[in-house]
Amino acid sequence: MSKKKLTDEEKDEFIRNEIGVSPDVKGYRLLLRAPKTPEKLTSGLYIPIESQTRNDVLQTMGLVLKIGPTAFKTHPSLEALEVQVGEWVEYARYEREEKVYNGVLCFYINDERIYSSYSDEDAKILLKGAL
């Protein structure tokens, strides 16, 4: 499910388009964006902001925005887990640190807490369209 590797310039543009800034992620950490929940239901009813945010927090998936320089390199068993910027990943819910950049909910997570990666199509199915 691996996407093509992006150049450093493409990675920087990708993260700036997603959250407006490009933090310098250190060590073996990853920066993920939480899935965006829709503002209203298909019936037309609006979902309260509090519920939208709570739904995001309950998710255990995120879009990889940035990868630290030593991520997936500290132990041979982690090399098989390596992911790319722009991929959707599933991770351990309680192992994340929340951070909001320009109103966008993001998470910092350690590389060994990634369980799996998904294509955009599979992520859309799993997240019921909330990308």
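This is a predicted model: local features need pLDDT of at least 70, side-chain atom pairs count only at pLDDT 80 or more; totals for chains, interfaces and linings use all residues.

Residues are numbered from 1 along each chain as its sequence is written, and side-chain values use heavy atoms, with hydrogens and water left out.

**Stop one: the helix**

Select residues 8-19, which is helix α1. (Helices are DSSP runs of H or I with at least four residues, strands are runs of E with at least two, and both are numbered from the N terminus.) With 12 residues, α1 spans 17 Å from first C-alpha to last, close to the 16 Å expected at 1.5 Å a residue; that expectation is 1.5 Å times one less than the number of residues.

Now colour Ile-15, Glu-18 and Ile-19, the buried residues of α1. Buried here means under 20% relative accessible area, exposed means over 50%, and partly exposed lies in between, using a 1.4 Å probe and protein chains only. Look down the axis of α1: these buried residues fall within an arc of 70 degrees, so they line one face of the helix. The arc is taken from the directions between the helix axis and the C-beta atoms.

What sits over the buried residues? Show β1 (29-33), β2 (61-67), β4 (96-101) and β5, which are among the elements covering them. Just past α1, click Gly-20, which has a positive phi of about 85 degrees.

**Stop two: the strand**

Go to strand β5, residues 104-110, and pick Asn-110. Asn-110 counts as buried because its relative accessibility is 15%. Leaving out neighbours within four places in sequence, Asn-110 is in contact (heavy atoms within 4.5 Å) with Tyr-28, Arg-29 and Leu-30. Zoom in on Arg-29: its side chain makes a polar contact of 2.4 Å with that of Asn-110. A polar contact is a pair of N or O atoms within 3.5 Å; within protein, one must be able to donate a hydrogen and the other to accept it, and residues adjacent in sequence count only if both atoms are side-chain atoms.

**Stop three: two loops**

Most residues other than glycine have a negative phi. Phe-72, in the loop between β2 and β3 (88-91), has a positive phi near 65 degrees. Phe-72 is buried, at 1% relative accessibility. Last, select Asn-102 in the loop between β4 and β5; its phi is positive too, at about 50 degrees. Buried or exposed, this Asn-102? At 60% relative accessibility, Asn-102 counts as exposed.
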